[in-house]
Amino acid sequence: MSNKKNIAILGSTGSIGTQALDVIAANPDAFQVEVLTAQNNAALLIEQARRFQPNAVVITNEDHYELVRQALANEDVKVYAGEKALADIVQMETIDLVITALVGYSGLRPTLRAIEAGKTIALANKETLVVAGDLVTRLAREKGVSIYPVDSEHSAIFQCMVGEFHNKIEKIVLTASGGPFRGHLRPQLGAVTKAQALKHPNWSMGAKVTIDSASLMNKGLEVIEAKWLFGLNPSQVEVVVHPQSIIHSFVQFEDGSLKAQLGLPDMRLPIQFAMTYPHRLKSDFPRFDFAQYPSLTFEKPDTETFRNLALAFDALHRGGNMPCVLNAANEVAVAGFLREQVGFLEMSDIVEQCLAKMDYIGNPSYEDYVTTDKETRLRAQELLR
Ligand SMILES: NC(=O)C1=CN([C@@H]2O[C@H](COP(=O)(O)OP(=O)(O)OC[C@H]3O[C@@H](n4cnc5c(N)ncnc54)[C@H](OP(=O)(O)O)[C@@H]3O)[C@@H](O)[C@H]2O)C=CC1
Ligand SMILES: CC(=O)[C@@H](O)[C@H](O)COP(=O)(O)O
Ligand SMILES: [Mn+2]
């Protein structure tokens, strides 16, 4: 019997997925890859499967199935395709921990299925908690499943909470880099390009989260994610702009003590911590050098210019299916911006109009979320030029 943790990585070809594999490659005695999944990047999935020899891989775009199957015909790796296969594979008995590194709404169903099967979750896919945080956290409580955060801010809060779980949080303060357009006003934002928006000042990430960072929707999604992960009221979550991205977030306890977690912007650390909690594993990640950062600065977010953050707080206050509406409208808007169909500022317009027009459902079922997501997408599509 091996002591290695058997890991499934959903979205292994993405930014988080490939960094999770870096962590595994650096710690072959601690981890074994059990499952890898991808949507379109068949070539990288094949390369990863040859290198890490998982039990199984899933390619969700069925058009690539034959290519992957033939390429792995001489390996001891099972090959599946399609969304149903993705939702089923997470229940495989041999999996210990599922890393949800998919992007967007696509993470919801497999995450719920993994929790149903009692799998520990390392959650990068924040949209899962934005869309259906009540369902997901309720099911996790029922099944006794732990959800460990991968997102850097939430990992920071979680790391500050270690040894403090019996103590009450007064508030948390999420740090935001402010993105590439920090300090810009609306007239300037009207003219920014996709290439400029994809240049995050501190982090190298997938396209969707990078655009969300530029529009401050990422911070809005993270506010909602934090509410569900840490059981907070909306009034207990604040955001401060910290352009250096060195302090990853703060927790303030009820005695007024403020704790923070610091480090260079490198996702491998939070990914690894979610995989090893409650332990820490020795790493060779670059260390922080105080001489390189003579000042760490803070500003209030400008929510009049970057309206997405205010819209996310609004959706959180309204509750029910409104965060699901926010997410679906934003996914359509970001895809439209990446196709250069809409401008930067129009992304918030689309989200705002969907929040105003979609029917409110107070206590949504899973089916209500599926319907809300579908109908919001249709409405948002109509708003694309
Ligand atoms: N990147 C980062 O540093 C951080 C990311 N996050 C969050 O982590 C999640 C992943 O982000 P990131 O790694 O940047 O994203 P990427 O776009 O880099 O990767 C997404 C992964 O999901 C797969 N995928 C995309 N769409 C689908 C779909 N519909 N069904 C199944 N698989 C799909 C992709 O497959 P393929 O490539 O084969 O098409 C890829 O493997 C997001 O929720 C993001 O907000 C949070 C903090 C930091
Ligand atoms: C690395 C990570 O966790 C991202 O979600 C990051 O937070 C993006 O940075 P900003 O949204 O603060 O620009
Ligand atoms: Mn983050």
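**Entry 1: the seven-stranded sheet**

I started with the open sheet of seven strands, which has the order β4-β3-β2-β1-β5-β6-β7 and parallel pairing. For my notes, two strands pair when DSSP finds at least two bridges between them. Helices (H or I, at least four residues) and strands (E, at least two) are DSSP runs, numbered from the N terminus. Which strands stand at the edges? They are β4 (78-81) and β7; each has a single partner strand, so one side of each is left without a neighbour in the sheet. I looked up the twist too: it averages 20° from one strand to the next. Angles here run from 0 to 180 degrees between N-to-C directions, with axes as lines fitted to C-alpha atoms, for helices over the stretch in contact.

Before going on, I noted that this is a predicted model: local features need pLDDT of at least 70, side-chain atom pairs count only at pLDDT 80 or more, and totals for chains, interfaces and linings use all residues. Residues are numbered from 1 along each chain as its sequence is written, while chains are lettered from A and ligands numbered from 1 in the order in which they are written.

Inside this sheet I picked β1 (residues 5-10) and β5 (residues 97-100), which pair in the parallel sense over four bridges. Leu-10 has Thr-100 in β5 as its bridge partner. Then I checked the helices. α1 lies across β1, β2 (31-38) and β5, and runs at about 160° to β1. Helix α2 (residues 42-52) also packs on the sheet, where it touches β2 and β3 (56-59), and its direction makes about 165° with that of β2.

**Entry 2: the four-stranded sheet**

Next up was an open sheet of four strands in the order β9-β8-β10-β11, and here the pairing is mixed. I found β9 (237-241) and β11 at its edges, each pairing on one side only. The twist averages 20° from one strand to the next.

I followed β10 to its partners. Five bridges tie β8 (residues 169-176) to β10 (residues 247-253), antiparallel, with Ile-172 opposite Val-251 in β10. Another five bridges join β10 to β11 (residues 258-262), again antiparallel. There, Phe-250 has Ala-260 in β11 as its bridge partner, and Ile-247 stands opposite Leu-262 in β11. As for the helix cover, α7 packs on the sheet and touches β8, β10 and β11, its direction making about 45° with that of β10.

How many residues lie between β10 and β11 in their hairpin? I get four, and Gly-256 in the turn has a positive phi of about 95°.

**Entry 3: two domains**

I then looked at how the chain is divided: domain 1 covers 5-149 and domain 2 covers 154-318. These bounds come from an automatic or database domain assignment. Their C-alpha centres lie 25 Å apart. Across the boundary, 24 residues of domain 1 are in contact with 21 residues of domain 2; contact means C-beta atoms, placed from the backbone, within 7 Å. On the domain 1 side, α1 (15-26), α6 (126-143) and β7 (147-149) each give two or more residues. By class, that side has 13 nonpolar, seven polar and four charged residues. The classes I use: Ala, Val, Leu, Ile, Met, Phe, Trp, Tyr, Cys and Pro are nonpolar, Asp, Glu, Lys and Arg are charged, and the others, Gly among them, are polar.

**Entry 4: the ligand shells**

Which residues are closest to ligand 1? Of the 28 that surround ligand 1, the closest are Gly-11, Gly-14, Asn-41, Met-205 and Gly-206. A residue is near a molecule if its C-beta atom, placed from the backbone, lies within 6 Å of it. α1, α6 and α10 each give two or more residues to this shell, and α1 gives the most, with three. I counted the classes as ten nonpolar, 14 polar and four charged. Domain 1 and domain 2 each supply at least three residues of the shell around ligand 1.

For ligand 2, the surrounding residues include Asp-151, Glu-153, Trp-203, Lys-219 and Met-267. α7 (152-161), α10 (207-215) and α11 (217-230) each supply at least two of the shell residues.

Definitions and conventions. Contact = placed C-beta atoms within 7 Å.
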